[in-house]
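Please read this briefing alongside the sequence and the model.

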Amino acid sequence: MGRAARGPLAVGHTADDDAEGVLLGLARGSGTTSLAGLAPVTVDHPAVAAGATLLWRPLLRVTREQTYGSCAELGLDPWRDPHNASPDVLRSRLRHEVMPVLREVLGEAVGANLARSARLLREDDDALRALTPTPGPGPLPVATLAGLPAALRRRTVRAWLRGRAGALTAAHLGAVDALVADWHGQGPVSVPWPSTMDAARRADLRLVVARRDADLVLDEQPRKRHV
């Protein structure tokens, strides 16, 4: 992404994008964070890293059809992303093939209802994020996690590993969480290397989360060689 202009950047996501996002998240077996609707205002976006002060989504309460209708009334000719009509893009297929069937079976309000669910889940996710302890960069004390509900434990672990490990799956988080919630002396849990890690280290060492004394630690271990 090129250098963005200094100032807020407004984008055209609508309620339909939130509705589609809920369905995609459900299909992936995602949790609250992925099911939550798009944030109306955010600074956690590549556009902000490129120079914008914030990203603003002013159209989340209106539909794509209403947006196009308003543009037509005002004599505006909006640019239409060709990916939105490509059968090679999963979201596009959902939009053009799945949503019409859902409207036929569940009624015309299904898109609005899914978008409302996304907004409610956004509120829940924001509340959980505010309740999640902020871990330091060093070892993570088990005592910090032990008394937390599962949703907050896993969020704390994810926040602790963010930037230090690669993309985490539900299986990774579940196995690390078991080092706290279901501890019976099991060994360390392998987690992905960060994407910036050099190939030689990935080949010779594995990145693991281990329980050591009363802490969770992120460590490197030699890979086993099979001969």
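R64 is found in helix α4, where helices (H or I, at least four residues) and strands (E, at least two) are DSSP runs, numbered from the N terminus. At 18% relative accessibility, R64 counts as buried, because buried means under 20% relative accessible area, exposed means over 50%, and partly exposed is in between (1.4 Å probe, protein chains only). This is a predicted model, in which local features need pLDDT of at least 70 and side-chain atom pairs count only at pLDDT 80 or more, while totals for chains, interfaces and linings use all residues. Residues are numbered from 1 along each chain as its sequence is written, and side-chain values use heavy atoms, with hydrogens and water left out.

**R64 and its partner**

- The side chain of R64 meets that of D17 in a salt bridge, with 3.5 Å from N to O; the term stands for a side-chain nitrogen of Lys or Arg within 4 Å of a carboxyl oxygen of Asp or Glu.
- This pair links distant parts of the chain, since R64 belongs to helix α4 (residues 64–74) and D17 to helix α1 (residues 15–28).
- Along the sequence R64 and D17 are 47 residues apart, and in space their C-alpha atoms are 8.4 Å apart.
- Is D17 buried or exposed? D17 counts as buried, because its relative accessibility is 14%.

**Other salt bridges**

- In general, side chains of opposite charge can pair when their charged atoms come close.
- The structure holds 14 salt bridges in total, and some of them join into a network that links D17, E20, R64, R91 and R95.
- Within that group, the side chains of R91 and E20 meet at 3.2 Å, N to O.
- R91 counts as partly exposed at 29% relative accessibility, whereas E20 is buried, with a relative accessible area of 2%.
- A further salt bridge is formed by the side chains of R129 and D125, at 2.8 Å from N to O.
- R129 and D125 both lie in helix α6 (residues 110–131), where a separation of 4 residues amounts to about one turn of the helix.
- R129 is partly exposed, with a relative accessible area of 43%, while D125 counts as buried at 0% relative accessibility.

**Aromatic rings and a nonpolar patch**

- The structure holds 0 aromatic pairs, a pair being rings of Phe, Tyr and Trp (its six-membered ring) whose centres lie within 6.5 Å, with planes under 30 degrees apart counted as stacked, over 60 as edge-to-face and the rest as tilted.
- R80 lies over the face of Y68, at 3.9 Å from the ring centre; for such a contact, NZ of Lys or CZ of Arg must be within 6 Å of the ring centre and within 35 degrees of the ring normal.
- V101, V105 and L106 make a nonpolar surface patch of about 310 Å².
- Patches are made of residues with over 30% relative accessible area and no salt bridge, with like charges joined within 9 Å and nonpolar side chains (Val, Leu, Ile, Met, Phe, Trp, Tyr) within 5 Å.
- Accessible areas come from the Shrake-Rupley method with a 1.4 Å probe, and for residues only the protein chains shown count as cover.
- V101 has its place in helix α5, and it counts as partly exposed at 46% relative accessibility.

**Two further positions**

- Where does D213 lie? D213 lies in the loop between β6 (205–212) and β7 (215–222).
- The phi angle of D213 is near 55°, a positive value in a residue other than glycine, and D213 is exposed, with a relative accessible area of 75%.
- T144 is placed in helix α7 (residues 142–146) and is partly exposed, with a relative accessible area of 36%.
- T144 and T132 are 12 residues apart along the chain, and their C-alpha atoms are separated by 11 Å.

**The chain as a whole**

- The protein chain has 10 helices and 7 strands, and buried residues make up 31% of its 227 residues.
- The protein chain has a radius of gyration of 22 Å, whereas a compact globule of 227 residues would have one near 17 Å; the radius is taken over C-alpha atoms, and the globule rule is 2.2 Å times the number of residues to the power 0.38.
- Taken along the principal axes, the C-alpha atoms of the protein chain fill a box of roughly 65 × 40 × 40 Å.
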